[in-house]
Amino acid sequence: MGKYVQAQRKGKSPIFKSHVRTRKGAVKLRSIDYAERRGYVRGVIKDIMHDPGRGAPVAKVQFLNAYRYKRDTELMVATEGMYTGQFIYCGKKATLTIGNVLPLRGVPEGTIVCNVEARVGDRGAFARGSGCFAVVISHDEDKGTTRLRLPSGGKKTVKSDVRAQIGVVAGGGRTDKPLLKAGRAYHKYAVKRNCWPKIRGVAKNPVEHPFGGGNHQHIGRPSTVSQAAPSGRKVGLIGARRTGRLRGVKKLGQDRD
């Protein structure tokens, strides 16, 4: 009987949990309310902060509470061009300006948006990573839907009532500079979770991995494995429909339809 493989330990062991102690908090749009549905609310950007473990900066935005004498602080995605002291507006009647939050119904075709909701009121789901953006392709007035092109190149249809921030998420071009040395990779992943360095299966012993052992580093069995395989065996290309090099013209998600 061999050991439990690392993929199994990741499900159970506490040492693989994400490192959240220093993080600033969940980054979301405002909770949708009457003011946003009918008009707009104004907020001021108090600070633009670095969030450990996140590639993009976050903006601390302060709104006046409509029902009580207090201020509400929200953490929102920082878009390129935001600055501290800037006023941003959220709601149906907000203007089309970088950083503002509008329903997609009020956004013209071809507009670049980010932090788009998947369902009305879920406070942001798509295009939230550094440098990411989605493009509004078309509106279908009869069905009340909007078609988006996502950062992956795929297209998605969402309700026209979902909200989105105008602009591109800040922190773009982060991956253009190579990490160059192990120390930088170590610190990059230390604030995220225990997922680095990754040891190849063939470099391990037979007790630790199905691909381990042998006089040369070779797999020694098919790298594809059934979806129904038991946990310790389920490594490699799981439930693969096809394997090998992609040959010919590469079809992107945006070319499919």
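Here is a friendly chat about a predicted model of one protein chain.

In this predicted model, local features need pLDDT of at least 70 and side-chain atom pairs count only at pLDDT 80 or more, while totals for chains, interfaces and linings use all residues. Residues are numbered from 1 along each chain as its sequence is written, and side-chain values use heavy atoms, with hydrogens and water left out.

Colleague: How many disulfides does the structure hold?

Modeller: A disulfide is a pair of cysteine sulfur atoms within 2.5 Å. For Cys90, the nearest cysteine sulfur is that of Cys114, 12 Å away. The sulfur of Cys132 is too far for a bond, because the closest cysteine sulfur, in Cys114, is 9.2 Å from it. The number of disulfides in the structure is zero.

Colleague: Is Cys90 buried or exposed?

Modeller: Relative accessible area decides this: buried means under 20%, exposed over 50%, and partly exposed in between (1.4 Å probe, protein chains only). Cys132, with 22%, is partly exposed. Cys90 has a relative accessible area of 1%, so this residue is buried.

Colleague: What radius of gyration does the protein chain have?

Modeller: This radius is taken over C-alpha atoms, and the globule rule is 2.2 Å times the number of residues to the power 0.38. A compact globule of 257 residues would come out near 18 Å. The protein chain, however, has 23 Å.
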